[in-house]
Amino acid sequence: MEPWDNQLDSNDSQETVVIDTDGEVIFYPNLFSIQESDRLFSELDSSVKWRHDTIHIYGKKIPLPRLTAWYGDEGKSYIYSGIEQHPEPWNSTLRLIKLKAEEISQITFNSVLINLYRDGKDSVSWHSDDEPELGENPIIASISLGGTRRFSLRHKTSKDYKIDIDLPKGSLLLMKGETQHFWKHQIAKTAKSVEPRINLTFRVIKPVLNKENKI
């Protein structure tokens with residue numbers, strides 16, 4: 001396996017295998033047309049119940065550098081970075097996008113985390129989506145609407161294995177297999193002028209057993 005320091009071209013109209021080692025990541029640049037993407041962005045921007053959560057770092061409350069929302073089936077709550085999310089009910093726009101994601105991934109999702117990156121100062125730091133509620137090898141379908149942002153993947157043990165890909169409006173990035181075990185990902189801040197971006201990561205929340213093996 002050769003060290004990676006690559007940037008993928010997101011203009012290809014065909015699906016692209018981004019990672020096939022220690023996991024699987026596939027990129028679909030044109031899940032939605034530009035016109036569809038713009039309409040969906042506008043509908044979500046105005047209808048989603050956005051939150052501006054905070055996290056605790058060294059005893060201080062720090063606002064997240066983005067807005068978020070959690071939608072899904074009843075009872076499919078989610079905890080990450082100490083933030084507990086209880087689902088808002090699906091709306092018609094989210095159901096439409098969800099169906100498209102399910103057509104590609106061949107899985108039925110029961111929840112979605114939505115992020116609004118308002119400008120280049122908004123970001124998400126290096127992390128893996130490996131919370132217990134997601135199961136051992138989660139399948140996550142990440143759909144981008146609005147402005148293009150650079151998505152980076154970095155191997156957890158071999159830091160030289162890194163790849164960058166620009167995610168344009170209407171694109172889908174599908175992460176599955178052991179990806180969350182071996183890779184971290186981020187959306188870094190940028191000084192470039194970028195349009196607002198909405199990112200939807202569709203997930204399957206599963207029951208978590210406690211030490212007494214009770215749900």
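**Figure 1. Lys98 and Glu102 sit together in helix H2 of this predicted model.** Helix H2 covers residues 92-105. Lys98 and Glu102 are four residues apart in this helix, about one turn. Their side chains form a salt bridge, and the closest N and O atoms of the pair are 2.8 Å apart. Lys98 is buried, and Glu102 is buried too. The count of salt bridges in the model comes to ten.

**Figure 2. Arg203 forms a salt bridge with Asp129.** The closest N and O atoms of Arg203 and Asp129 are 3.8 Å apart. Arg203 belongs to strand S16 (residues 197-203), whereas Asp129 is in the loop between strand S10 (124-127) and strand S11 (140-146), so the pair ties together parts that are 74 residues apart in sequence. Arg203 has a relative accessibility of 3% and therefore counts as buried, the cut-off being under 20%. Asp129, at 5% relative accessibility, also counts as buried.

**Figure 3. Lys162 and Asp164 meet in a salt bridge through their side chains.** The N to O distance between Lys162 and Asp164 is 2.9 Å. Are the two partners buried or exposed? Lys162 has a relative accessible area of 23%, so this residue is partly exposed. Asp164 has a relative accessible area of 11%, so this residue is buried.

**Figure 4. Helices H1 and H2 pack against each other.** Two packed helices are described by the angle between their axes and by the distance between those axes. Helix H1 spans residues 34-47, and its axis is 10 Å from the axis of H2. The angle between H1 and H2 is about 135°. An angle over 145 degrees would count as roughly antiparallel and one from 65 to 115 as roughly perpendicular, so H1 and H2 are oblique to each other. The crossing of H1 and H2 is left-handed. Which residues meet where H1 and H2 pack? From H1 they are Leu40, Glu43 and Leu44, and from H2 they are Thr93, Leu94, Leu96 and Ile97.

**Figure 5. Gln186 is a buried residue in strand S15.** Strand S15 is made up of residues 183-187. The relative accessibility of Gln186 is 14%, so Gln186 counts as buried. The side chain of Gln186 is joined to the side chain of Trp126 by a polar contact of 3.4 Å. What else does Gln186 touch, leaving aside its neighbours within four places in sequence? Gln186 is in contact with Val124, Ser125 and Trp126, and also with Arg150, Phe151 and Ser152.

**Figure 6. Asp22 has a positive phi value although the residue is not glycine.** The phi of Asp22 is near 55°. Asp22 is found in the loop between strand S2 (16-19) and strand S3 (24-28). With a relative accessible area of 26%, Asp22 is partly exposed.

**Figure 7. Gln106 is another residue other than glycine with a positive phi.** The phi of Gln106 is near 60°. Gln106 lies in the loop that runs between H2 and strand S9 (111-117). The relative accessible area of Gln106 is 67%, and exposed means over 50%, so Gln106 is exposed.

Key. Residues are numbered from 1 along each chain as its sequence is written. This is a predicted model: local features need pLDDT of at least 70, side-chain atom pairs count only at pLDDT 80 or more; totals for chains, interfaces and linings use all residues. Side-chain values use heavy atoms; hydrogens and water are left out. Helices (H or I, at least four residues) and strands (E, at least two) are DSSP runs, numbered from the N terminus. Buried means under 20% relative accessible area, exposed over 50%, partly exposed in between (1.4 Å probe, protein chains only). A polar contact is a pair of N or O atoms within 3.5 Å; within protein, one must be able to donate a hydrogen and the other to accept it, and residues adjacent in sequence count only if both atoms are side-chain atoms. Contact means heavy atoms within 4.5 Å. A salt bridge is a side-chain nitrogen of Lys or Arg within 4 Å of a carboxyl oxygen of Asp or Glu. Axes are lines fitted to C-alpha atoms, for helices over the stretch in contact, and angles run from 0 to 180 degrees between N-to-C directions. Angles under 35 degrees count as roughly parallel, over 145 as roughly antiparallel, 65 to 115 as roughly perpendicular and the rest as oblique. A crossing is left-handed if the near helix is turned anticlockwise from the far one by less than a right angle, and right-handed if clockwise.
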